[in-house]
Amino acid sequence: MAHVIDGNEVGVRIQNELSASVERLSDSGVTPGLATVLMSDDGASETYVSMKQRACEQIGIEGYHYEIGPDEPADELFDRIGELNEDPSVHGILVQMPVPDHVDEQRVLRRIDPLKDVDGFHPENVGRLVAGDPRYKPCTPHGVQRLLAAADADPAGKDVVVVGRSNIVGKPLANLLVQKADGGNATVTVCHSRTDDIAAKTLEADIVVAAAGVPELIDAEMITDGTTVIDVGVNRVDADNEKGYELAGDVDFEDVEEKAEAITPVPGGVGPMTIAMLLYNTVKAASLQEGVAIELPGQ
Ligand code: NAP
């Protein structure tokens with residue numbers, strides 16, 4: 001049976017260490033601030049934003065939250081971002097995605113001051129990551145990297161297959177893992193919907209990361225004994241309960257658990273790490289913008 005990697009436990013440990021970093025900033029008169037902006041009435045997006053705000057509160061980050069109606073003109077959002085860029089009490093800005101269709105998502109990412117871009121999606125920060133000089137690592141890929149470290153699954157010298165090539169998970173994760181740096185040095189294969197035979201790739205892998213958004217995409221037939229499997233997927237699948245659905249990953253957990261060396265559950269795997277790494281980036285942003293040097297967890 002696989003070792004189940006507990007993302008809640010690792011996330012809480014990082015948050016506790018971050019609390020100490022926040023205290024050191026506070027000794028220098030600095031309170032890190034994170035502004036979240038929601039332009040949506042989607043229930044899942046509302047839940048994600050409130051979880052992020054609650055986590056900020058727990059470790060002493062000041063949270064600021066703004067809502068813009070999904071039918072409002074795009075300029076409402078661009079103007080709000082402009083104000084937050086100028087606000088010295090705000091060190092990090094997070095616009096919850098997706099934004100409505102009439103708002104150009106790429107323009108939103110470019111509008112955020114790169115120094116306040118704690119999601120790490122501004123082209124300047126993407127470029128720095130690819131060039132091997134990351135400022136803010138995107139939260140979910142960074143969380144996966146930290147989970148691998150916590151599970152003693154150093155990717156160095158290993159064959160890693162990432163299933164998914166989105167700009168927020170698959171591509172930045174592949175970039176992180178291939179870097180000549182701690183937590184990197186892997187040989188990475190990226191699969192996607194046009195990959196011919198995904199199982200042929202995953203069967204050769206030491207580490208498989210599933211980030212496709214397809215329930216039960218990865219089953220036990222697709223991995224060999226000893227593989228570490230990280231499940232990024234969060235999918236709503238029909239269930240006979242009050243809500244009518246439950247959350248499932250991209251991996252057939254019960255099947256793969258029998259064979260893998262280690263595996264993350266959904267929920268309780270990558271999700272809590274995404275939030276922990278958002279807090280990490282916000283604390284780092286405050287330290288960079290205020291010129292107060294502090295040690296961050298795992299540095
Ligand atoms: P996305 O933008 O929809 O990208 C999905 C990627 O998977 C695409 O590259 C797509 O290929 C590929 N794909 C789709 N179906 C496939 C299939 N049958 N076989 C192989 N590849 C396939 O999704 P995302 O934003 O990256 O998110 C992926 C999953 O992670 C979702 O379930 C999302 O909810 C979850 N997520 C979780 C967290 C967390 O904190 N836990 C954070 C972010 C995302 P093409 O490029 O060819 O279309």
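Helices here are DSSP runs of H or I with at least four residues, strands are E runs of at least two, and both are numbered from the N terminus. With that in hand, helix 10 (residues 270–290) gives the largest share of the shell around the ligand, 3 residues. Keep in mind that this is a predicted model: local features need pLDDT of at least 70, side-chain atom pairs count only at pLDDT 80 or more, and totals for chains, interfaces and linings use all residues. Residues are numbered from 1 along each chain as its sequence is written, and side-chain values use heavy atoms, with hydrogens and water left out.

**Around the ligand**

- There are 22 residues around the ligand, and Arg165, Ser166, Ser193, Val234 and Thr274 come nearest; a residue counts as near if one of its heavy atoms lies within 4 Å.
- By type, the shell splits into 11 nonpolar, 10 polar and 1 charged. Here Ala, Val, Leu, Ile, Met, Phe, Trp, Tyr, Cys and Pro are nonpolar, Asp, Glu, Lys and Arg are charged, and the others, Gly among them, are polar.
- For polar contacts, look for pairs of N or O atoms within 3.5 Å; within protein, one must be able to donate a hydrogen and the other to accept it, and residues adjacent in sequence count only if both atoms are side-chain atoms.
- Ser193 puts a polar side-chain atom 2.5 Å from an oxygen atom of the ligand, and Arg165 has a polar side-chain atom 2.7 Å from a ligand oxygen.
- On its own the ligand has 930 Å² of accessible area, and the protein covers 68% of that (Shrake-Rupley method, 1.4 Å probe; for residues, only the protein chains shown count as cover).

- An open sheet of 3 strands runs in the order 3-2-4, with parallel pairing; two strands pair if DSSP finds at least two bridges between them.
- Strand 3 (62–67) and strand 4 (92–95) are the edges, each with a single partner strand, so one side of each has no neighbour in the sheet.
- Neighbouring strands of this sheet are turned by 15° against each other on average, direction ignored. Axes are lines fitted to C-alpha atoms, for helices over the stretch in contact, and angles run from 0 to 180 degrees between N-to-C directions.
- Strand 2 (residues 33–38) pairs with strand 4 over 4 bridges, in the parallel sense, and Leu34 stands opposite Gly92 in strand 4.
- Helix 2 (residues 43–59) lies across strand 2, strand 3 and strand 4, at about 170° to strand 2; contact means heavy atoms within 4.5 Å.
- Helix 3 (residues 74–86) also lies across strand 2, strand 3 and strand 4, running at about 165° to strand 4.

- Strand 8 (residues 228–231) and strand 11 pair in the parallel sense over 2 bridges, with Thr228 opposite Ala262 in strand 11.

**The hairpin**

- Strand 9 (residues 235–238) and strand 10 (residues 245–248) run antiparallel, joined by 4 bridges; Val237 stands opposite Glu246.
- The hairpin has 6 residues between the two strands, and Gly244 in the turn has a positive phi of about 85°.

- Most residues other than glycine have a negative phi, and most peptide bonds are trans.
- Met97 and Pro98 are joined by a cis peptide bond, omega about 0°, and Pro98 is in the loop between strand 4 and helix 4 (105–111).
- Asn185 has a positive phi, near 60°, and is found in the loop between helix 7 (170–178) and strand 6 (187–191).
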